[in-house]
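This report looks at how two protein chains meet, beginning with a single side chain and then widening to the whole interface. Please keep the sequence and the structure in view while reading.

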2 protein chains.
Amino acid sequence: MKNCIIAQSGGPTVAINASLAGVIEESITAKAYDTVYGSLHGIMGVLNNDLINLTEKVEEDPHFLDTLKITPAMYLGSCRFKMPSAEEKPQVYEQIFTFFEEKEITGFYYIGGNDSMDTVLQLSAYAQSHGKKVSIMGVPKTIDNDLCHTDHTPGFGSAAKYIACTMSEIAYDTSIYPVPSVTIAEIMGRDAGWLTAATALASTSYGLGVDLIYLPEVAFDRNQFVADVTSVLKSKKNVLIAISEGIRDENNEYISASTATTDSFGHSQLSGAGKALEYLIADRLGIKVRSIEINLPQRCAAHLSSATDLAESAELGKIAVKKAMQCVTGHMSVIQRTANTPYTVTYDTANIAEIANQVKNVPRSYINQAGNYVTEEMLTYLRPLIAGEPKVEYKDGLPQFAPLNHLYK
Amino acid sequence: MKNCIIAQSGGPTVAINASLAGVIEESITAKAYDTVYGSLHGIMGVLNNDLINLTEKVEEDPHFLDTLKITPAMYLGSCRFKMPSAEEKPQVYEQIFTFFEEKEITGFYYIGGNDSMDTVLQLSAYAQSHGKKVSIMGVPKTIDNDLCHTDHTPGFGSAAKYIACTMSEIAYDTSIYPVPSVTIAEIMGRDAGWLTAATALASTSYGLGVDLIYLPEVAFDRNQFVADVTSVLKSKKNVLIAISEGIRDENNEYISASTATTDSFGHSQLSGAGKALEYLIADRLGIKVRSIEINLPQRCAAHLSSATDLAESAELGKIAVKKAMQCVTGHMSVIQRTANTPYTVTYDTANIAEIANQVKNVPRSYINQAGNYVTEEMLTYLRPLIAGEPKVEYKDGLPQFAPLNHLYK
């Protein structure tokens, strides 16, 4: 018998279940394993013997994989378990690999972000040094697009599409009044500005769209910001601005309205960059201004996912299985872009040691000289990633996703 | 020559352009007018002679009306102009009706919410008392669903669908961790809780979905709220709560974290109900809690509009023209529900004097006894309104709406 376990970890995206579907599909098609298990709540399911049989799920429902591909968040649940080192707690590793032997596991697939790739690194190093015949493979996901050695990350394209579409709709919403106004949208991204950059895709030739974009990669200058807004207001009544939540000033301090904000219980409360800049514009320019957060839907709006992103995410799951069949271990699947027009990619895996615990920021050449918009190079990079709409089934007006009743026991 | 003018006013919805398309379509099909004009920025376009020729737009582009129907916000722009009374400023009325005579206008259609219906009321009363042969017709729109004499309002179904879908996706997002958490979503609605009630549509049979719902129609009790959350946490790890922005306590005071919040410039800042309850739960229960606002996309997410809503909104535009042809004036078009299964409606118009300046709240029977969820009666009312997905054309990954370059001159 040869079986495998798949687990998911970290924060949700709308593409992480497409990667899960890809691993399952390739495992079954290539007859790579007798049984494909899902570990509930990441590596915790392995430590707690909390598995579900995914091969059975596919046999029971011929539409299971298609529904899974468009289901947001994590079908198997997540965890925030930080793996201790093998030196520190060898018993955790012994427990995991004893469990693998009992269940006749020869492949372990971890779909996740940076922290999850660290788990892959630790487990594969242990397996190799202890002669364990288990391929430990990582499959990436993060809406932040900040993993190295891959052209982009699964989940990013869908989040970028949601953000671009939403900003386009907000541009329509904010453009209807003939009185000056400023709208500031705060986008996810503590360290990397990729998602905020995607708001540039919402711009039209005649002026509707996002006017100013600020990323964490460029030091934020409050006075220059006010000057930028004033400049746009000369030619346009309704100014639309996108900022990353993680923008910082020249002293590397986050932009936030931190001083003197306390709640009714006396707790000090930080408010975000958007609120801080809303107050700044109100104070300096005295015009109508509001700030909004494009919050959770960025990472879970499955009804508006990118077909390109979902297809690639599934392929990244498949390539991990193919490589594991070739006895590769300690690798993460990656996308390599081979052309922009038409957009083509190839799939491969790369050594996890070169990927884990590193961050890919937006290159300076993707940001304009003034630091308040992106360049054509960035747009060329982004455009193909949001292309295509997946087939989503609706029932009674709502999209139908895979049920999570196995997490509600 | 017989011409007409259409104008839009108030806050945006995703259905207000479908009503515009309905008025244009019926005007052309029924040969009701020689030329259909659009007044830019509501009644301001009439006062400033700022019209566009909509008949020409249709002749130039055979897809114009179809694109218009799925375009969010207001193709003609909005205004926040409060009509003075005819006694107070007769010259404004004289100017408007002189302009109507010059342009040979026999029909004026105002698509808007409560304030706009007041303008319809004033103009039609003036026309009748001064012997002006112009039909003044109102076409309703508001995501708040709070207009009387109509089963529901155009724009509400689409906003309800967006909210239900988004809450379903957020339920997936928040359910993945095996640690207790509370998520509070603040929904638009100062006085009426219709939109917040729509979050109930996101619930599943196995427990995923919205657990607690609080509307402005029931006095909010902070202690009971903490008790409700504590109760849900006994059977479920991740609690999802929907509240209207306008919830008030037994003294009719808004729930807000108002005390001691000032920005970095010393301005006192109100934070909303969601933030206030986030602090309350953190303080009383000490568990992971966050609050989010489902903000502007509620009223502009055209990519996820309700096909039922858009079709009805167009019909409401058409019935207004049909009735104006029968010399009706001072009326607003309304929807009457004739059955729930299958859902059927009829269209008519009603005297504007019975509609303007009134508010339709959620009936108590649509809210459960405990005041923390809605009843099956509410769900029966809501379900048909979100049904169906309109055909939205995508290009390069983004929905294609009618361009607004006429507002960018």
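## A tyrosine that reaches across

In this predicted model, the side chain of B:Y177 reaches the backbone oxygen of A:G10 at 2.8 Å, and that side chain also makes a polar contact with the side chain of A:R80, at 2.9 Å. The residues that B:Y177 touches, leaving aside those up to four places away in sequence, are A:G10, A:G11, A:H41, A:S78, A:C79 and A:R80 in chain A, together with B:N238 and B:K288 in chain B.

B:Y177 lies in the loop between α7 (156-174) and β6 (181-187) of chain B. As for its place along the chain, B:Y177 and B:G397 are 220 residues apart in sequence and, from C-alpha to C-alpha, 32 Å apart in space.

## The interface as a whole

Chain A and chain B bury about 5900 Å² between them, with 66% of that area on carbon and sulfur atoms. A:Y172, A:I176 and A:Y408 supply 12% of the area that chain A buries against chain B, which is more than any other three residues. The contact takes 72 residues from chain A and 72 residues from chain B.

## Polar pairs and contributing elements

Between chain A and chain B the count is two salt bridges; B:D173 forms a salt bridge with A:R299, in which the closest N and O atoms are 2.7 Å apart. Across the interface, 22 residue pairs are found in polar contact, with both residues of each pair at pLDDT 80 or more.

On the side of chain A that touches chain B, the elements giving two or more residues are α7 (156-174), α10 (273-285), β9 (288-293), α11 (297-300) and β13 (398-399). Of these, α7(A) provides the largest share, with 11 residues. Sorted by class, this side of chain A has 38 nonpolar, 22 polar and 12 charged residues.

## A covered helix in chain A

Helix α12 of chain A, residues 307-325, has 19 residues and reaches 27 Å from its first C-alpha to its last, which is close to the 27 Å expected at 1.5 Å a residue. The helix α12(A) is mostly covered, since 14 of its 19 residues are buried. Just after α12(A), A:C327 takes a positive phi of about 65 degrees.

Note on methods. Residues are numbered from 1 along each chain as its sequence is written. Chains are lettered from A and ligands numbered from 1 in the order in which they are written. This is a predicted model: local features need pLDDT of at least 70, side-chain atom pairs count only at pLDDT 80 or more; totals for chains, interfaces and linings use all residues. Side-chain values use heavy atoms; hydrogens and water are left out. Contact means heavy atoms within 4.5 Å. Buried area is the accessible area (1.4 Å probe) that two parts lose on being put together, summed over both. A salt bridge is a side-chain nitrogen of Lys or Arg within 4 Å of a carboxyl oxygen of Asp or Glu. A polar contact is a pair of N or O atoms within 3.5 Å; within protein, one must be able to donate a hydrogen and the other to accept it, and residues adjacent in sequence count only if both atoms are side-chain atoms. Helices (H or I, at least four residues) and strands (E, at least two) are DSSP runs, numbered from the N terminus. Ala, Val, Leu, Ile, Met, Phe, Trp, Tyr, Cys and Pro count as nonpolar, Asp, Glu, Lys and Arg as charged, and the others, Gly among them, as polar. The expected span of a helix is 1.5 Å times one less than its number of residues. Buried means under 20% relative accessible area, exposed over 50%, partly exposed in between (1.4 Å probe, protein chains only).
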